[in-house]
Amino acid sequence: SVPVTLFYTVQPKVDMTAGFRYRTTDTSGGFYQSYDFTDTYYFVGAVGELFSPVVYADVSVGYQKRDYKGIGLDAQSASYDITFIYTGSAKATLTAGFSRDYRTSAVGGEAYAFTSAALGGRYMASARIAIDASLVIGESDYEESLRAEDMTIINFGGSYRPNDYLTVRADWSYSDVDGDVTVGASDYFSNQVRVSAALRY
């Protein structure tokens with residue numbers, strides 16, 4: 001993936017943007033048919049303190065085209081990536097986001113557009129303890145079939161920094177994928193627990 005973005009300052013803390021992204025994906029092997037394709041994405045947007053000094057935003061909206069190599073399964077769609085961050089509190093940060101982009105299935109490189117809305121927050125309980133949570137609601141729309149899936153993801157986690165060099169973190173994630181009745185649609189739920197540590201010197 002190769003992105004190029006141009007920034008033009010319209011206010012001291014606000015930039016207008018315009019850009020282009022080229023992305024190539026090669027899939028091979030497995031029982032299912034494989035696909036290779038390239039994506040071209042043209043967009044405009046803005047970044048900085050939009051609407052309020054305590055609201056930071058990063059917005060890009062554009063048009064994306066996916067070209068398959070050797071077969072006539074080309075696709076095109078509106079794409080966007082919109083993020084708002086509220087920074088008006090010294091201890092709490094709130095985020096909201098909306099996105100739509102092409103992704104690639106693990107089954108034979110099948111392409112689909114994933115559209116999602118996310119709401120999250122982070123709270124500093126103390127100088128060394130932080131708690132965060134998020135909710136993501138999304139939809140996968142497959143280009144080569146009638147297959148579609150709704151997805152709900154709940155994330156909850158926390159981190160502890162006993163000193164300036166070590167951070168210990170634990171996360172829990174719940175995913176609920178609700179597929180329709182078409183062949184190949186997924187219908188399942190999963191729980192994931194992750195524990196990690198980071199050392200910085």
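## Basis

The model is predicted, so local features need pLDDT of at least 70 and side-chain atom pairs count only at pLDDT 80 or more, while totals for chains, interfaces and linings use all residues. Residues are numbered from 1 along each chain as its sequence is written, and side-chain values use heavy atoms, with hydrogens and water left out.

## Nonpolar patch

Tyr123, Ile129, Ile131, Leu135, Ile137, Ile154, Phe156, Tyr160, Val168, Trp172, Val193 and Val195 make a nonpolar surface patch of about 1100 Å². Patch residues have over 30% relative accessible area and no salt bridge; nonpolar side chains (Val, Leu, Ile, Met, Phe, Trp, Tyr) are joined within 5 Å and like charges within 9 Å. Areas come from the Shrake-Rupley method with a 1.4 Å probe, and for residues only the protein chains shown count as cover. A salt bridge is a side-chain nitrogen of Lys or Arg within 4 Å of a carboxyl oxygen of Asp or Glu.

At least two patch residues come from each of strands S8 (129-142), S9 (148-160), S10 (166-179) and S11 (188-199); strands are DSSP runs (E, at least two residues) numbered from the N terminus. S8 gives the largest share, four residues. Tyr160, in S9, is partly exposed at 40% relative accessible area (buried is under 20%, exposed over 50%, partly exposed in between; 1.4 Å probe, protein chains only).

## Negative patch

Glu139, Asp141, Glu143, Asp150, Asp176, Asp178 and Asp187 form a negative surface patch. Asp and Glu count as negative, with the charge placed at CG of Asp or CD of Glu. S8 and S10 each supply at least two of its residues. Glu139 lies in S8 and is partly exposed, at 38% relative accessibility.

## Phe51

Phe51 lies in the loop between strands S3 (36-49) and S4 (55-68). Its phi is near 70°, a positive value in a residue other than glycine. Phe51 counts as exposed, at 76% relative accessibility.
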